[in-house]
Amino acid sequence: MSDTPASTLPADLAGSDDFSLTLLEVALTGFALFRPVYDAAGETITDLAYEYLNPAAQQMLRLPQRPAESFLTRFPKAGPAGIFAFYRDAFLSGQTQREAFNFQHDGLDGFFHLVARRQGALLVVSFLDTHDPLPTAQAEALRQAQAREQAAQAEAEHQRGELNRVFEQASVAIAVYRGPKYIIELANPTVCRLWGRTPEQIIGKGLFEALPEVAGMGYEELLDGVMATGVPHVAYAMEAQHDRNGRRVTVYWDFVYVPMHEADGSIYGAMVVATEATEQVRAGQQLQQLNDELEQRVAARTAETSEALVGAEQQREQLRVQQGLLRQIIGQVPAAIATLNGPEHRYSFFNDQYQQLVAGRAVHGRPVAEMLPEIREQGFLALLDRVYATGRPHSGTETVLLLPGSAAGLTETRYIDFIYQPLFDGQERPQGVLVFIADVTDRVRARKQADTVQAAMLAVVQRQAQQRQDLFQVFEQTPVSIVLLREPDHRIDHFNPAFAELFPPEDWNGPLRGHTLVEVYPRIRLAGLVELLDLVYTTGESQAIIDMPLAKLHPGSPRYVTFAYQAYREEGRIVGVAAFVYDVTDQVLARHQVQALNAELAAVNEEMRTTNVELKATNGRLTRTNADLDTFVYSASHDLKSPITNVEGLLLALREHLPATALDVPLVPRLLGMMDDAVARFQQTLSHLTDVTRLQELPDHSAAETVDLPALVESVRLDMLPELTAAGATLTVDLTTCLMVRFSAKNLRSIVYNLLSNAVKYRDPNRAPAVVLRCHAAAGQVVLAVQDNGLGLSAAQQGELFRMFRRLHGHVPGSGVGLYMVKKMVENAGGTVAVRSQPGVGSTFTVTLPNAG
């Protein structure tokens with residue numbers, strides 16, 4: 001081929017033979033070779049450079065063989081249309097990717113079918129402009145999808161702009177840190193003002209480098225915990241030091257640390273949203289001082305009697321808890337945020353706290369007056385109008401807000417701190433209002449209730465005597481045996497009926513109260529219990545005797561008891577010992593039975609261990625046998641490829657050298673055709689054997705990934721379109737609950753294709769094929785079902801269905817490997833496949849796949 005032009009392919013493919021180059025030059029399909037263009041860091045593909053266009057591509061795109069412009073420079077709309085993303089993903093995946101695009105931009109107008117695959121450092125693209133529009137419904141669906149995507153992008157940009165304005169103009173402090181050194185990437189004006197720094201002083205620096213005064217105050221540990229666990233951390237009134245106006249001041253913060261995630265789910269940093277709570281904390285400290293004075297007054301009054309002292313101590317502890325709750329309520333700064341656009345104050349953004357405050361009535365794009373009509377009479381709408389008209393903010397503190405209550409006809413009163421702050425466009429004209437609301441209802445109500453705390457304390461002290469009497473009534477009625485012993489010789493001071501019933505004295509007929517325990521129960525010294533009582537009385541440390549046979553105190557008793565000894569004090573000194581006795585007979589007897597059963601179980605486990613050793617040896621032999629079989633199948637499929645290729649070559653040579661008269665004999669072409677079919681089937685069988693061997697060797701060769709199931713099924717449907725059309729089949733797809741699936745994309749496509757293809761192949765000739773593909777999600781699983789109205793299978797055929805090379809219908813071409821490979825791929829991934837069928841009615845194949853996503 002001396003007339004073949006010199007190769008103009010890039011150096012990466014300069015070794016291609018003349019035949020390949022000629023094939024590219026005469027092909028009716030467009031071919032393009034791209035080289036990726038990376039960003040400055042060399043990590044992200046930002047564009048594609050042309051390396052070569054064959055003549056068909058040059059004609060379709062009206063470009064030279066190697067355009068100087070990059071792909072996105074020449075076709076800027078290819079980015080929003082998704083074509084550039086398709087090319088980039090194909091290059092990164094290394095797999096063959098197919099897609100169809102309706103592209104009507106940048107001087108082109110057509111339906112392009114694209115196939116792309118990576119070859120070394122280049123991306124090879126084959127494309128065809130059909131010049132024949134898709135069916136009306138499909139074309140309209142494609143245009144609508146593109147329109148929805150463009151609208152979604154525009155909405156996303158609008159939302160991003162709204163969020164940026166909220167970020168810049170928000171009255172709360174917001175910053176974003178990256179990496180283990182917490183490099184400050186973003187910081188809004190509010191956080192810069194409260195930190196006493198300019199953006200130039202903090203952006204790009206580590207948090208504790210930019211703010212050395214807060215190092216060592218506990219913020220490092222909180223950030224490390226959020227980065228390590230991925231769990232947000234909320235803090236109230238946390239102390240910090242900041243340099244403001246040339247001096248260091250102590251401030252307090254309410255804030256939340258939220259982990260920031262990469263696209264793959266890994267944590268790369270944290271975001272902080274904070275408000276300064278210094279004034280609230282100082283107010284709480286003043287309240288604490290008043291409460292301390294109140295405690296001193298209560299303590300002085302309750303010091304008159306020892307019993308009142310104990311009750312007052314308990315009450316002071318309750319008061320401390322209440323004070324802590326009050327400080328928390330006062331220190332909270334709720335953040336209900338919304339942005340309102342235009343003079344009608346239409347909702348453009350609101351967060352969950354705002355939606356919760358208004359009982360879920362906020363709706364994007366609707367005027368606030370329409371959704372919350374009650375604010376007009378309360379004057380809030382007039383304030384919004386004034387802020388929008390003047391461009392000046394307005395704030396209110398502890399303002400009454402009346403909202404409809406949960407019950408019909410009732411109104412709920414809330415107290416709020418709020419800020420209406422104007423939002424400006426690029427020309428400093430008001431275009432909306434930022435609403436920032438803190439619900440301080442609890443704080444206001446708590447402050448009002450604080451005035452009554454002192455009176456309530458005095459009333460509680462008066463109730464202590466009654467509470468003590470109530471305590472003794474509970475003591476009398478408890479089923480646990482209790483006895484109170486006083487002084488070093490353990491004299492019986494009080495006991496309940498349960499104690500008298502469990503421990504009736506043997507030889508004592510007088511009263512128990514006032515006598516020592518040894519006098520009434522002489523056997524107690526023999527049981528060693530007196531020494532424990534002495535130890536508790538001397539040291540104050542509690543002691544216990546677990547599961548003691550009661551026969552030690554009452555000979556012949558079959559019961560078991562547990563003793564617990566605890567010192568009790570008056571005015572800070574030990575005055576006696578409280579003994580608690582629990583009847584644990586049922587538990588002890590049950591434990592004895594469990595121990596006997598455990599002994600039997602240990603013997604059974606030993607037998608199972610021996611059996612497991614034998615099974616392990618047997619499994620080892622089976623594994624070696626399977627490995628030998630896999631090696632044989634692979635070797636056979638590999639060694640047979642060369643002979644069958646030789647047979648194919650001999651058939652070709654035979655066709656070329658047979659005289660024309662021989663081909664006129666009717667039997668000769670028929671025999672040659674049968675031999676060609678046999679060779680093709682043999683080659684297909686060898687290919688299937690290779691695929692089966694790979695499945696056996698590498699059960700996890702395809703890693704799970706997030707798969708767009710509707711897009712994958714649509715791709716399979718397009719590949720099967722000629723087959724569906726020829727059979728007159730209808731395919732119904734219902735994937736509304738399974739949009740994204742975690743599985744190997746290649747294997748999932750093979751599973752779907754095999755099941756749909758079989759449903760069409762084995763159709764009933766007496767009725768039009770109808771195939772239904774459904775999917776539903778279960779707990780951690782995805783269930784795919786393919787139902788047809790085809791020939792159906794008997795019970796015996798269903799038992800043979802998934803065996804390799806087993807074909808149950810001879811009138812349809814095939815190798816009997818497809819369903820075997822489907823079963824193998826599903827089971828390798830930990831799933832199951834099942835069939836339910838009836839002859840003359842049809843079949844339903846159900847595939848259950850694990851789905852971690």
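Mentor: At 6% relative accessibility, Glu-213 counts as buried, where buried means under 20% relative accessible area, exposed means over 50%, and partly exposed lies in between, with a 1.4 Å probe and protein chains only. Keep in mind that this is a predicted model, in which local features need pLDDT of at least 70 and side-chain atom pairs count only at pLDDT 80 or more, while totals for chains, interfaces and linings use all residues. Residues are numbered from 1 along each chain as its sequence is written, and side-chain values use heavy atoms, with hydrogens and water left out.

Trainee: Which side chain does Glu-213 meet in a salt bridge?
Mentor: Glu-213 meets Arg-197, at 3.0 Å from N to O; a salt bridge here is a side-chain nitrogen of Lys or Arg within 4 Å of a carboxyl oxygen of Asp or Glu. Glu-213 lies in the loop between helix H9 (207-210) and helix H10 (219-229), and Arg-197 in the loop between helix H7 (189-195) and helix H8 (199-202), so the pair ties together parts that are 16 residues apart in sequence. Helices (H or I, at least four residues) and strands (E, at least two) are DSSP runs, numbered from the N terminus.

Trainee: And is Arg-197 buried or exposed?
Mentor: Arg-197 is buried, with a relative accessible area of 15%.

Trainee: What about Glu-398, which residue is its salt-bridge partner?
Mentor: The partner is Arg-447, and the closest N and O atoms of the two are 3.0 Å apart. Because Glu-398 sits in strand E13 (residues 394-404) and Arg-447 in helix H17 (residues 441-450), the pair ties together parts that are 49 residues apart in sequence. Salt bridges that share partners also join Glu-398, Arg-447, Asp-417 and Arg-443 into one network.

Trainee: How many salt bridges does the structure hold?
Mentor: The structure holds 26, and another one of them links Arg-178 with Glu-185, whose closest N and O atoms are 2.4 Å apart.

Trainee: Changing topic, how much of the whole chain is buried?
Mentor: Of its 853 residues, 37% count as buried, and the chain has 31 helices and 27 strands.

Trainee: Where does Met-674 sit?
Mentor: Met-674 is in helix H26 (residues 667-697), and with 47% relative accessibility it counts as partly exposed.
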